[in-house]
Amino acid sequence: MTVWDDLVGQHRVTESLRAAAAGHGMSHAWLFTGPPGSGRSNAAVAFAAALECERGQGPEAGCGVCHACHTVLAGSHADVTMVRTEKLSIGVDEVRELVRRSALAPAGRGWQVLVVEDADRLTEQAANALLKAIEEPTPRTVWLLCAPTVEDVLPTIRSRTRLIVLATPSVEDVAAFLVRSDGVTDEVATYAARASQGHIGRARALARDDATRARRTEVVGIPARLTGIGDAMRAAARLHELATEEAEALTTAADERERTELDRAYGVVERGRRPREYGPALRDLEKSQKTRAKRRVLDVVDRSLMELVSVYRDVLAIQVAGRDDLVNADRYDELRRLADDAPAEVQLRRIDAVFEAREQMLEFNVPPLLALESLMVGLQLRSGNAAVR
Ligand SMILES: [Zn+2]
């Protein structure tokens, strides 16, 4: 297993990075872009490993077995700094600290590598501080910035970086990866690859975890169940419940870990009593955890909405193009019935309605349950004949 093997469906990207690691087309600053789940930060980390690899800077770089490759992948290599954030923005202080690090000579024979996973979250001040460092690079320093699209970073930064664009991996590539990495059957792999629409992390969760699969099945089954106002209200409540459940599963472990760390930092466990500063620190932590939990619910509801859209898009595809590369190919009969039930323009209006609900929730802070209720009622009406036709 080399470090490149986990870059699913990114053959062109892998080739350019391997060439650069071998000394062809090296640059001091790189920008990795690609849709969520395409693996842009994995690509950056693989590249960092290749730059530190003990096999040297040749075609073997990124062997995946040497100590350097291992420590880079594990996030513990002395010359590779990773910036990952749960916060909505990366501030100037954090970047100044990075810039200081970037000026240091690497401890090993490789490079001083700085990976910024969410370069799109740099504040303007932070981006400007970064820009200066990129303009005057130290000889053995490499910056690896990651962002969804090039538009997400300042043009001045963009123009000084070499751009690596990751594509959405194909269903075949994702399925083959799942079979190889998780040992699932072809059938499960193909289902997960289709359903994830090229999002590797999501595909893995769907392939590995029965509960994740069951939740998705419930969500994509909603359109076929919407036949009256009662169904609509029940569907909204259930969707909200599913999102809350999943968000909780995601945050509980992190919450507990942070709480344990806080307790340790204040010596609460060892000394068995709470210092005066502990109370405010605990309140801060709980507040930020609450904010995160709320955001996670929104994220999950948002993803569920996109899953609903995938159903209506499939229905449209059947109606308009007779296509067979459907995201929800495993539910063909149900999609067919939905297609017979209402014409293409109704499906289009349904898709619009989902995007409206999303906007209500994400831009105008309408509580998710409320947005879902009015959406489901709308979708249900659109399936009624007289109301929309
Ligand atoms: Zn190696």
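**Charge pairs, cores and ring pairs in the predicted model**

At 12% relative accessibility, Asp118 counts as buried (under 20% relative accessible area; exposed is over 50%, partly exposed in between; 1.4 Å probe, protein chains only). The model is predicted, so local features need pLDDT of at least 70 and side-chain atom pairs pLDDT 80 or more, while totals for chains, interfaces and linings use all residues. Residues are numbered from 1 along each chain as its sequence is written, and side-chain values use heavy atoms, without hydrogens or water.

Asp118 forms a salt bridge with Arg121, with 3.7 Å between the closest N and O atoms (a side-chain nitrogen of Lys or Arg within 4 Å of a carboxyl oxygen of Asp or Glu). Arg121 is partly exposed, at 25% relative accessible area. The count of salt bridges comes to 23. Another of them joins Glu246 and Arg215 at 3.2 Å, N to O. Glu246 lies in helix 12 and Arg215 in helix 10 (residues 210-220), so this pair ties together parts 31 residues apart in sequence (helices, H or I of at least four residues, and strands, E of at least two, are DSSP runs numbered from the N terminus). Both partners are buried: Glu246 has 11% relative accessibility, and Arg215 has a relative accessible area of 15%.

Glu241 and Arg238 also pair, their closest N and O atoms being 2.7 Å apart. These two residues stand three places apart in helix 12, which means that about one helical turn separates Glu241 and Arg238. Glu241 is partly exposed at 42%. Arg238 is partly exposed at 27%. Elsewhere, salt bridges that share partners join Arg202, Arg215, Arg216, Glu246, Arg303 and Glu307 into one network.

The largest nonpolar core holds 34 residues, and those that touch the most other members are Trp4, Leu17, Trp30, Phe32, Phe47, Val113 and Leu144 (a core joins buried Ala, Val, Leu, Ile, Met, Phe, Trp, Tyr and Cys through side-chain atoms within 4.5 Å). Helix 1 (11-21), strand 1 (29-33), helix 2 (40-52), helix 3 (67-74), strand 3 (112-116) and strand 4 (141-147) each supply at least two of its residues. Helix 2 gives the most, nine. Apart from this core lies another, of 29 residues, among them Val219, Leu226, Val354 and Met376.

Glu52 lies in helix 2. This residue is buried yet has no salt bridge; Arg140, the nearest side chain of opposite charge, is 7.5 Å away (Lys and Arg count as positive, Asp and Glu as negative; His and the chain ends are not counted). A polar atom of the Glu52 side chain lies 3.3 Å from the backbone nitrogen of Trp111. Residues up to four places away in sequence aside, Glu52 touches Ala68, Val72, His77, Asp79, Val80, Gly110, Trp111 and Val113 (contact means heavy atoms within 4.5 Å).

Three aromatic pairs are counted (Phe, Tyr and six-membered Trp rings with centres within 6.5 Å; planes under 30 degrees apart are stacked, over 60 edge-to-face, the rest tilted). Phe32 and Phe47 form a tilted pair, at 6.5 Å centre to centre and 50 degrees between the planes. The pair links strand 1, with Phe32, to helix 2, with Phe47, across 15 residues. Phe32 is buried at 0% relative accessibility. Phe47 is likewise buried at 0%. Tyr266 and Tyr278 form an edge-to-face pair, at 5.8 Å and 75 degrees. Tyr266 is partly exposed at 24%, whereas Tyr278 is buried at 1%. Ring pairs link Trp30, Phe32 and Phe47 into a cluster.

How values were computed. Polar contact = N/O pair within 3.5 Å; in protein donor to acceptor, adjacent residues only side chain to side chain.
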